[in-house]
Amino acid sequence: MAFWLGIDCGGTFIKAGIYDDNGQEYGTFRKNLTVINEYQGWAERDLNELWSSCAGVIKGVLQQSNIAPGLVKGVGISAQGKGVFLLDKQQRPLGRGILSSDQRSLDIVRNWQQQNIPQKLYPITRQTLWTGHPVSILRWLKEHQPECYSNIGTVFMSHDYLRFCLTGKIACEVTNISESNLYSMQTGEYDTQLASLLGIEEVIPCFAPIIQSSEIAGYLTEKAAKETGLVVGTPVMGGLFDVVSTAICSGIQCEQKGENSKLNVVLGTWTVVSGITDYIDESQKLPFVYGRYAQRNQFLVHEASPTSAANLEWFTKQWPQLSYDEINQMIEELPKAESSILFVPFLYGSNAGLGMSAGFYGLQSLHTTAHLLQAVYEGVLFSLMTHLERVLKRFPTTKVLRLTGGPARSKVWMQMLADLSGLPIEIPIVSETGCLGAALAAMVGGRIYPDFTTAQQQLQHEVLVVSPDWSAHEKYREKYYRYTQFVNALKTLV
């Protein structure tokens, strides 16, 4: 038998999973990843620790599954996008990895907005411009850490760095790097004029050659083999932006002649709403974010922000005696959408404006911990709705939401989303979509499947369906309206 290993590097965990040619899972293994918040608004990761954790989950899943390393025929990596992971000119880790949730470049992005730089970039890059983009972080390094900036040898995103650790080869994978704001959607190459516009033209030679998701990027080195337990020479593929990985595993398809029936919603560290298309719609007035999809000649259209389940994780750290089962039970026992409490889920970033923060509003003496938790659940979904409503303008024929991520395990949270959106929720029964998507990249690279569309069609997964409770729909819509009014009021204070 042949097996395929997928690695998923997220904001909170790094995971590894092993699968056969049919996508059947034989084991998964995970480790927590530390986020270093040395200063307010900073979010960093130690690069040596990241690689050590990656090697650890590979070794862990091999031991757990009891699969001989020689049977693993390929490795793929799925990882969160944006941020910056640097090598110096001697190809050694340079400083810490800076994550997409980092906000140190806030003033730089504000200045660019005042100069209408985002509007000049968008027709070329099809990206918005915010603090987590590589270009924003690189400009900050140039201004505040010039010695580090001058010593940059290679600019990576997180899965590019891990692939380098596995193979020693330097490359940037297309689904991730296409959203760097230095990539031209028309030419499929880096654009030096973009770098000049952003004042970072010196760094363009430090961006690596672009490779495809299923392309063999290199082969496992002897050093990496010793640390992971894999066999020297195992092929390692380009990999995937994790939003692409979950879209593949969710089963959503490219729209056909303007018709699209399903969108993918991810609730994890980030909230993401995405659809697939084979063209850029020039008639749209909203600046939709496009990225290259794993399937050639297709695009991922998405809206995203770090306003998701990480807010709940923070809350549970303050009240560690509560399990997720207890939290769900407490919320389920409350009347739907009747509490006056609003929660703005901006602990790690905002989708309503730069510099906005999280908070509760509407507390009264009658409220309990259960009401606060219910407000967190609602706030995360209200923030999601701002993205969903925009994406539905691009894909107006959507009839179903396919949902992946940790909150999918909560029936009460999923029912809340169905009630709020008025759309059925379908939850694919896949334990780790990031790992499976990465493994599929390895399978396509290993010629088990000719392309991602074929792989997706062959590996159909059972889905759990949650239908809207129409008696609660108007209540949630009214509370969502109050949420949007409250957020708009908060904007005047920033």
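## The two annotated spans

The end C-alpha atoms of residues 263-444 lie 24 Å apart, and this span is 37% helix and 21% strand. In the UniProt record, an unreviewed entry, residues 263-444 carry the annotation "domain: Carbohydrate kinase FGGY C-terminal". The model is a predicted one, in which local features need pLDDT of at least 70 and side-chain atom pairs count only at pLDDT 80 or more, while totals for chains, interfaces and linings use all residues. Residues are numbered from 1 along each chain as its sequence is written, and side-chain values use heavy atoms, with hydrogens and water left out.

For residues 4-249 the end C-alpha atoms are 15 Å apart, with 36% of the span in helix and 22% in strand. UniProt positions are given in the numbering used here, feature names are shortened, and annotations may be inferred rather than shown by experiment. Helices (H or I, at least four residues) and strands (E, at least two) are DSSP runs, numbered from the N terminus.

Strand β1 (residues 3-9) pairs with β2 in the antiparallel sense over six bridges, where two strands count as paired if DSSP finds at least two bridges between them. W4 stands opposite Y19 in β2, and a hairpin of three residues joins β1 to β2. On to strand β3 (residues 25-32), β2 is joined by seven bridges, and these two strands run antiparallel; I14 has K31 in β3 as its bridge partner.

The hairpin formed by β2 and β3 has five residues between the strands, and G23 in the turn has a positive phi of about 80°. Six of the seven residues of β2 (residues 13-19) are buried, so this strand is largely enclosed by the rest of the structure; buried means under 20% relative accessible area, exposed over 50%, and partly exposed in between (1.4 Å probe, protein chains only).

## A seven-stranded open sheet

Seven strands form an open sheet in the order β16-β17-β15-β14-β20-β21-β22, with mixed pairing. The edges are held by β16 (289-292) and β22 (463-466), each with a single partner strand, so one side of each is left without a neighbour in the sheet. Direction ignored, neighbouring strands of this sheet are turned by 30° against each other on average.

Within the sheet, strand β14 (residues 262-267) and strand β15 (residues 271-277) run antiparallel and are joined by four bridges, with L267 standing opposite T271 in β15.

## Packing of α14 against α17

Helix α14 (residues 411-421) and helix α17 (residues 470-491) have axes that come within 7 Å and cross at roughly 85°. Axes are lines fitted to C-alpha atoms, for helices over the stretch in contact, and angles run from 0 to 180 degrees between N-to-C directions. The two helices α14 and α17 are therefore roughly perpendicular to each other, a term for angles of 65 to 115 degrees.

From α14, the residues M416, D419, L420 and S421 meet A472, H473, Y476, R477 and Y480 in α17, contact meaning heavy atoms within 4.5 Å. By class, the contact of α14 with α17 has five nonpolar, two polar and two charged residues.

## Two arginines with positive phi

Most residues other than glycine have a negative phi. R126, in the loop between α3 (117-125) and α4 (134-144), has a positive phi near 60° and is buried, with a relative accessible area of 10%. R447 lies in the loop between α15 (433-445) and α16 (452-458); its phi is positive, near 65°, and R447 is exposed, with a relative accessible area of 67%.

Methods
Angles under 35 degrees count as roughly parallel, over 145 as roughly antiparallel, 65 to 115 as roughly perpendicular and the rest as oblique. Ala, Val, Leu, Ile, Met, Phe, Trp, Tyr, Cys and Pro count as nonpolar, Asp, Glu, Lys and Arg as charged, and the others, Gly among them, as polar.
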